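This report describes selected features of the structure shown below.

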Amino acid sequence: MTFFELLPAEGPRFSGFLDGSHRWGLPGGLCPVCEASRGGLGEAYPSVDLSGWSQRKELAEARQVPLEEYERLRRMLRPQIPFDAPLLPGAGFGLFSGTATGKWGALHLPYPWLLVMQRDAMERLRDEEGIELRTSKMDLRFRAKAVVELLEIEVHPHGRLHDSCFPSGREQPCERCGRQGGSLPKALSLDGRTLIAGQDLFRLEDYTTVIIATERFVEAVKRLGLEGVVFKEVPVV
Ligand SMILES: [Zn+2]
């Protein structure tokens, strides 16, 4: 099977940008051993509504806390999440709310790690191509005359980069917090042993800012002529 990285289309027709955040989030957790926080930028579950959860106030504010405090909050939160999820520091939950500016593609990446879609595009993918995505409404104020209905696509983490992406060797994970340093390599390849079937879209577990699509998804988007995202093939090793 062939896989593709999602990248934003360039140009004035695709200038859309969001300023906002998900309603709740896990804090960053500063590790006493590696003195950093294992970042989960991009990990977000807008379908997880914590509004009825008595502890939700503890996740209302983005901040840095000691690692033990992050781990305590993650333990408390885990039973509220109805699926497997890494729940990394910074992971977001609940609706995204904020301000929208600019012009929007049918599919659009206002940040490399956040995929949104116009409702019409989501419905065509579902009805004409049989591609079911996990979508959530967004709470947006538009700063433009043309208001579009944008949905956030919930993209779960699966799969990892192959070690061969790191020619001088990959850093060992921190024994205390599991953080594996190293910036995103320029040339990506996926570790075939870590991929699971049946996911048309996923984000990498080890680089949660990277969103990957299957060939089935890419072909459907092209057949429907949906614009706003470009696809770059990523080999599987
Ligand atoms: Zn650490």
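## A buried aspartate and its partner

Asp200 is buried, with a relative accessibility of 12%; here buried means under 20% relative accessible area, exposed over 50%, and partly exposed in between, with a 1.4 Å probe and protein chains only. The model is a predicted one, in which local features need pLDDT of at least 70 and side-chain atom pairs count only at pLDDT 80 or more, whereas totals for chains, interfaces and linings use all residues. Residues are numbered from 1 along each chain as its sequence is written, and side-chain values use heavy atoms, with hydrogens and water left out.

The partner of Asp200 is Arg216: the two form a salt bridge whose closest N and O atoms are 2.9 Å apart. A salt bridge is defined as a side-chain nitrogen of Lys or Arg within 4 Å of a carboxyl oxygen of Asp or Glu. Arg216 belongs to helix H3 (residues 215–223), while Asp200 is in the loop between strand S11 (150–153) and strand S12 (201–203), so the pair ties together parts that are 16 residues apart in sequence. Helices (H or I, at least four residues) and strands (E, at least two) are DSSP runs, numbered from the N terminus. Arg216 itself is partly exposed, with a relative accessible area of 45%.

Across the whole structure, a search finds 15 salt bridges. Side chains of opposite charge can pair when their charged atoms come close. One of the bridges links Arg119 and Glu123, with 3.6 Å between the closest N and O atoms. These two residues are four apart in helix H2 (residues 119–129), so about one helical turn separates them. Arg119 is partly exposed at 26% relative accessibility, and Glu123 is likewise partly exposed at 26%.

Another bridge joins the side chains of Arg124 and Glu128, at 3.1 Å from N to O. Because Arg124 and Glu128 are also four residues apart in helix H2, the separation is again about one helical turn. Arg124 has a relative accessible area of 26% and is partly exposed; Glu128, at 49%, is partly exposed as well.

## The zinc site

Which protein atoms are the donors of the zinc ion? They are the SG atoms of Cys31, Cys34, Cys174 and Cys177, lying 2.3 to 2.4 Å from the ion. Donors are N, O and S atoms within 2.8 Å of the metal (3.2 Å for Na, K and Ca); water is not among the atoms, so sites may look incomplete. The angles among the four donor atoms are 105 to 116 degrees, and the site is tetrahedral, a label given to four donors if all angles lie between 85 and 135 degrees.

The donor residues follow the spacing C-x2-C-x139-C-x2-C in sequence. Distant parts of the chain are linked by Cys31, in the loop between S3 and S4, and Cys177, in the loop between S11 and S12, which are 146 residues apart. Cys31 is buried at 3% relative accessible area, as are Cys174 at 12% and Cys177 at 13%, whereas Cys34 is partly exposed at 22%. The disulfide count is zero, a disulfide being a pair of cysteine sulfur atoms within 2.5 Å.

## Positive phi angles

Glu35, which is not a glycine, has a positive phi near 60 degrees. Glu35 is in the loop between strand S3 (28–30) and strand S4 (44–45) and is exposed, at 69% relative accessible area.

Leu87 also has a positive phi, of about 55 degrees, without being a glycine. Its position is the loop between helix H1 (67–77) and strand S6 (92–101), and Leu87 is buried at 0% relative accessibility.

## Aromatic pairs

Seven aromatic pairs are present in the structure. In one of them, Tyr111 and Trp113 are stacked, with 5.3 Å from centre to centre and 15 degrees between the planes. Rings of Phe, Tyr and Trp (its six-membered ring) pair if their centres lie within 6.5 Å; planes under 30 degrees apart count as stacked, over 60 as edge-to-face and the rest as tilted.

Tyr111 is buried at 19% relative accessibility, whereas Trp113 is partly exposed at 23%. Ring pairs link Tyr111 and Trp113 with Phe17 into a cluster.

Conventions: Tetrahedral: all angles 85-135°; square planar, octahedral: opposite > 155°, others 65-115°.
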